[in-house]
Amino acid sequence: MTMAERLTGKVALISGGAGSIGLASARAMVAEGARVMLLDLDAGALERAAATVGAPDPDAVAHQVCDVTDEEQVASAVRATVERFGRLDVAFANAGIAGVIAPVVEYPLDVFERVMAVNVTGAFLIAKHALAAIAPGGSLIVTSSTVGLTSEAGIAAYATSKHALVGLIRTAAKEVADRGIRVNSIHPGPVDNEFQHAIEVEAVGASPEESARAFESKIPLARHAAPEEIAALVVFLASDECPFITGATLAADGGLSI
Ligand SMILES: NC(=O)c1ccc[n+]([C@@H]2O[C@H](COP(=O)([O-])OP(=O)(O)OC[C@H]3O[C@@H](n4cnc5c(N)ncnc54)[C@H](O)[C@@H]3O)[C@@H](O)[C@H]2O)c1
């Protein structure tokens, strides 16, 4: 098997597929031979994202509007993927939001509940409906964060939601192991994208450049990740390269969590 064939024949669905890590992962999966269904909130953003995936075969990329907090929309997106491509091998539960930065004693309840709805209920619904459809030997990958393993002051909603995903993957991994399906979480550190830069400016209160440097000073590798580096881990977990990894929490964070 050559490196270019790692996902040949596999079908993947990706929530948050119009976003930075989701789209980079779609590109990387398609480059390895997969067919992908992109799910996100906005039809226009999905259309633009799908057009930049760069599939040699345009039929290898589909997209559907899907709010991951809505069970019927998630169920319909899973059905649509199987109808379109004939099977499902990989689900990447990746949609997420950050909330605001505030101490626990001031954290707005409505924001806390919204972060939990998107990050936790959303991943649960993708797991619930995708695991029922994923073929034996398949893979569910859930995007947590460095702060699903550690935390910082001010991020109660985000860190709580990302820690909760570890409970989800550990439980699901045991439930589907008899079908040879693997369930793992990835824990990216700061990625060089808009999602992260907005958090940094809010947390540090300086210019985007200064705020980014403040974050980098805490990272042993002293830089942000490119979205493509996170996508490389997603492709590895989607592939059959090491089918003995399940229930694992895999950090790709430049050493931030050590
Ligand atoms: N950027 C980072 O540094 C970083 C680090 C660790 C973890 N993460 C996580 O990676 C994931 C992807 O983030 P990103 O950096 O690509 O940011 P992004 O904002 O580019 O992508 C997130 C995507 O999720 C979509 N989304 C939001 N709510 C949704 C909903 N209810 N239903 C469906 N889609 C929804 C957004 O429209 C967006 O396209 C998130 O779960 C985030 O928490 C990001």
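Predicted model: local features only at pLDDT ≥ 70, side-chain atom pairs only at ≥ 80, totals over all residues.
View 1. Residue numbers run from 1 along each chain as its sequence is written. The protein has 8 helices and 7 strands (DSSP runs numbered from the N terminus: H or I of at least four residues for helices, E of at least two for strands). Its radius of gyration is 17 Å, close to the 18 Å from the globule rule for 258 residues, so the protein is as compact as a globular protein of that length. That radius is taken over C-alpha atoms, and the rule is 2.2 Å times the number of residues to the power 0.38. Along the principal axes, the C-alpha atoms fill a box of roughly 50 × 40 × 35 Å.

View 2. Domain 1 covers 3–189 + 227–251 and domain 2 covers 193–224, with bounds from an automatic or database domain assignment. Their C-alpha centres lie 24 Å apart. Where they meet, 6 residues of domain 1 are in contact with 6 residues of domain 2 (contact: C-beta atoms, placed from the backbone, within 7 Å). On the domain 1 side, the touching residues divide into 3 nonpolar, 3 polar and no charged. Here Ala, Val, Leu, Ile, Met, Phe, Trp, Tyr, Cys and Pro count as nonpolar, Asp, Glu, Lys and Arg as charged, and the others, Gly among them, as polar.

**View 3. The shell around the ligand.** Look around the ligand and you'll find 27 residues, the closest being Gly16, Gly19, Gly96, Phe195 and Gln196; a residue belongs here if its C-beta atom, placed from the backbone, lies within 6 Å of the molecule. Helix 1 (20–31), helix 4 (109–131) and helix 6 (194–204) are the elements that give two or more residues to this shell. Helix 1 gives the most, with 3 residues. Both domain 1 and domain 2 supply at least three residues each. Sorted by class, the shell has 12 nonpolar, 13 polar and 2 charged residues.

**View 4. Inside the largest nonpolar core.** This core has 72 residues, and Leu140 and Val234 have the most contacts inside it. A nonpolar core is a set of buried Ala, Val, Leu, Ile, Met, Phe, Trp, Tyr and Cys residues joined through C-beta atoms within 7 Å. Leaving aside residues up to four places away in sequence, Leu140 touches several residues, including Ala91, Leu131 and Val183. Val234 sits in helix 8 and counts as buried, with 29 C-beta neighbours inside 10 Å. Beyond four places in sequence, Val234 is in contact with Ser25, Ala28, Phe92, Ile141 and Ile186.

**View 5. Ala222, out in a loop.** Ala222 lies in the loop between helix 7 (208–216) and helix 8 (227–238). Its phi is near 60 degrees, a positive value in a residue other than glycine. Most residues other than glycine have a negative phi. Ala222 is exposed, with 11 other C-beta atoms within 10 Å.

Note on methods:
Contact = placed C-beta atoms within 7 Å. Buried ≥ 20, exposed ≤ 12 C-beta atoms within 10 Å, placed from the backbone.
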